Each structure stands twice: as structure tokens, then as C-alpha cells.
Amino acid sequence: MIKVIVSVLLLALLCCGIGYQQLQSALKMQLKVENSTLFKVERGTGFNQLCQAWQTKQWVDSCFKFQVLAKLDPTLTDLKAGLYELDTSAVIDNIRRINQGAQVSFSFTIIEGQPLRDVVANIQKQAHLSQDLDTENLATQISNTQENLEGWLFPDTYHYHSEDSASGLLKRAYNKMQQELDTAWQTRAPDLVLSSPYEALILASIIEKETGLASERPLISAVFTNRLKTNMRLQTDPTVIYGIGADFDGDIKRKDLTTYTPYNTYKIKGLPPTPIAMPSKAAILAAVNPPESEYVYFVAKGDGSHQFSKTLQEHNRAVKQYQLN
């Protein structure tokens with residue numbers, strides 16, 4: 001094998017006028033880019049085209065040595081299309097990155113408690129992503145089955161490559177939510193008041209919006225479960241806000257609580273017709289496994305936590321302590 005390599009190098013020396021030391025220096029030659037640089041390799045780009053493009057940008061002084069190296073190692077010419085992050089390491093190392101298809105990766109995060117309109121608005125601003133969303137028929141485009149996509153996109157960080165599609169990314173989020181919801185539903189409490197995974201998704205979205213404290217999610221779930229069991233209205237402000245929609249000015253008024261919308265849980269009994277946001281896995285698990293509790297009320301204490309009460313009298317005292325003062 002060594003004799004073959006020597007013979008090839010000698011052949012390169014005789015035929016190409018380039019010696020062993022020059023080939024060694026070519027292997028170590030650095031790419032002359034500033035820090036990290038994004039470079040797109042178009043589909044069908046050949047090795048010579050790539051090197052000439054880099055020479056035009058003055059990232060390499062000459063292509064001749066690299067063309068010889070490509071003759072000695074034909075795998076260098078196997079270029080995979082995509083967007084790559086080039087750096088000041090050896091030219092050959094940068095080419096190997098393209099041979100391996102090690103494209104630069106971008107990320108998009110769906111935040112726990114985000115409503116669908118915010119997720120869509122954010123993804124439409126995402127760089128290096130093919131914007132193919134059909135906003136008029138989004139639920140059909142992403143799920144094929146759902147009438148409303150609210151609640152169905154799992155909060156997580158999703159990585160993608162240049163020219164991946166926005167619809168493809170949201171389909172991944174939808175499939176993950178289906179998996180997480182199905183798994184959670186299999187572990188539900190035997191006496192759960194909810195009758196379907198979709199009802200669990202709705203309740204989980206309300207739990208998610210009611211508290212930012214992970215430790216409180218189970219008790220919030222217990223309160224709403226107790227209310228559903230006794231046919232009490234949920235009377236939860238986040239559903240009212242969702243029902244107001246884009247007209248909400250940041251302040252719930254008395255008329256908002258008394259004006260009917262399908263989401264005003266001060267006016268309707270039971271759950272609203274759809275989720276109101278994207279719930280986390282923790283909120284879903286809390287919804288399907290509420291702890292045993294006699295709490296039926298809670299009020300915000302002003303520090304992000306809540307005071308839970310078993311009776312209306314206790315609740316009124318808590319409201320006076322934490323809200324009216």
C-alpha cells in the first residue's frame with residue numbers, strides 16, 4: 001500500500017510538476033476567511049467550481065494543488081449541497097465538512113404557554129427557513145386531521161438546516177405533541193373527569209397559562225378538576241383573554257367577564273372548545289393526574305405564586321389580603 005502511495009506521489013511530481021513537500025503544505029494550508037463564514041454549496045456544484053469560487057473570494061491562492069489532491073483522493077470531489085460554516089482551519093478540513101454534509105444548524109423554539117398566533121408570527125421571521133405556511137388552511141397543512149391547531153405544537157427547541165420548510169418544522173412539533181399526549185393519556189388517573197386526550201390538552205393549556213411555577217401545576221389542576229366534578233364554572237382569566245383575542249389591551253375589565261365568548265369560563269360551563277396555548281409536558285401530566293385535594297379556589301399573591309383555598313370564605317379572605325390591599 002505504501003509503495004502505491006509513493007508511486008502516485010511520484011506520478012504527481014512528474015506529471016503535474018508538484019512535489020511531495022508542496023502536497024504536504026497544501027494539506028496544511030488554511031482557508032483565508034474572517035472568523036466563521038457561511039457559504040452555500042448549490043446542488044450540482046463541482047470540485048473545480050468550488051475551488052474557483054473560493055479563489056475569487058481570495059480564500060485560497062491557487063486551486064492547482066487542491067486539484068492534484070482531489071486526483072489522489074477522489075472522495076474530496078463528493079460535494080453535498082447545503083449551507084456550511086467555514087472557518088480558518090485547513091482548506092481540506094473545510095472541504096471534508098462539505099463532503100460529510102455537516103451543514104450549519106439553526107434553531108427555532110416554541111415557548112411553553114405561547115398561543116398559536118405567536119408561534120406562527122415568530123416562525124415567519126425565522127432566517128434560512130423556507131416560508132411555505134398556508135395560514136388560511138394551517139391546521140390541514142400541518143395535521144391533515146385537526147380543525148384547529150391551537151395547543152397541538154409541542155414546546156421545544158427544533159433544529160433545522162437552510163431551506164428546510166416552516167411547515168416541516170411545525171409538523172415535527174405537531175407529531176411530538178401527539179406522542180407526548182398519547183403517552184400521558186395512557187398514565188391518566190382511573191377516575192379522571194376528562195373524557196378524551198383532547199380535553200386533557202385543553203385543560204393542560206389552561207394550567208400552563210395560570211401559573212409560571214412548575215410546582216403549582218398539580219394544585220392548579222386539582223382546583224379545575226374539582227370544579228369540573230361539581231359542575232362549577234372554571235372562571236379562569238386566561239380563557240377570557242384568549243376569547244377577546246387581538247383586542248385585549250392588557251387589562252381585564254368587568255365587562256370582559258360578563259361578555260359572552262365561547263372561551264369566557266365565567267359565562268360557560270366546562271372547558272372551552274379548544275386549547276388556549278401550547279402546554280408543556282409537565283402541564284399535560286398535571287392535567288391527567290391531578291392530586292387529591294379539596295381546593296376549589298386560588299388567587300395570585302403577587303409574587304408569581306398563588307394562595308389556594310377550600311371554601312369561598314377562605315378565598316374571600318385571600319383576595320382581600322393579596323389583591324385588594
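**Exercise 1. Find how many residues the largest nonpolar core has, and which have the most contacts inside it.**

Solution. Start with the term: a nonpolar core is a set of buried Ala, Val, Leu, Ile, Met, Phe, Trp, Tyr and Cys residues joined through side-chain atoms within 4.5 Å. Buried means under 20% relative accessible area, with a 1.4 Å probe and protein chains only. The largest such core has 54 residues, and Leu149 and Leu153 have the most contacts inside it. Among the elements that each supply at least two core residues are strand S3 (106-109), helix H8 (166-186) and helix H9 (197-210). H8 gives the largest share, nine residues. Helices (H or I, at least four residues) and strands (E, at least two) are DSSP runs, numbered from the N terminus.

This is a predicted model: local features need pLDDT of at least 70, side-chain atom pairs count only at pLDDT 80 or more, and totals for chains, interfaces and linings use all residues. Residues are numbered from 1 along each chain as its sequence is written, and side-chain values use heavy atoms, without hydrogens and water.

**Exercise 2. Check the span of H9 against its 14 residues.**

Solution. The expected span is 1.5 Å times one less than the number of residues. For H9 this gives 20 Å; the end C-alpha atoms are 20 Å apart, which agrees.

Definitions and conventions:
Buried means under 20% relative accessible area, exposed over 50%, partly exposed in between (1.4 Å probe, protein chains only).
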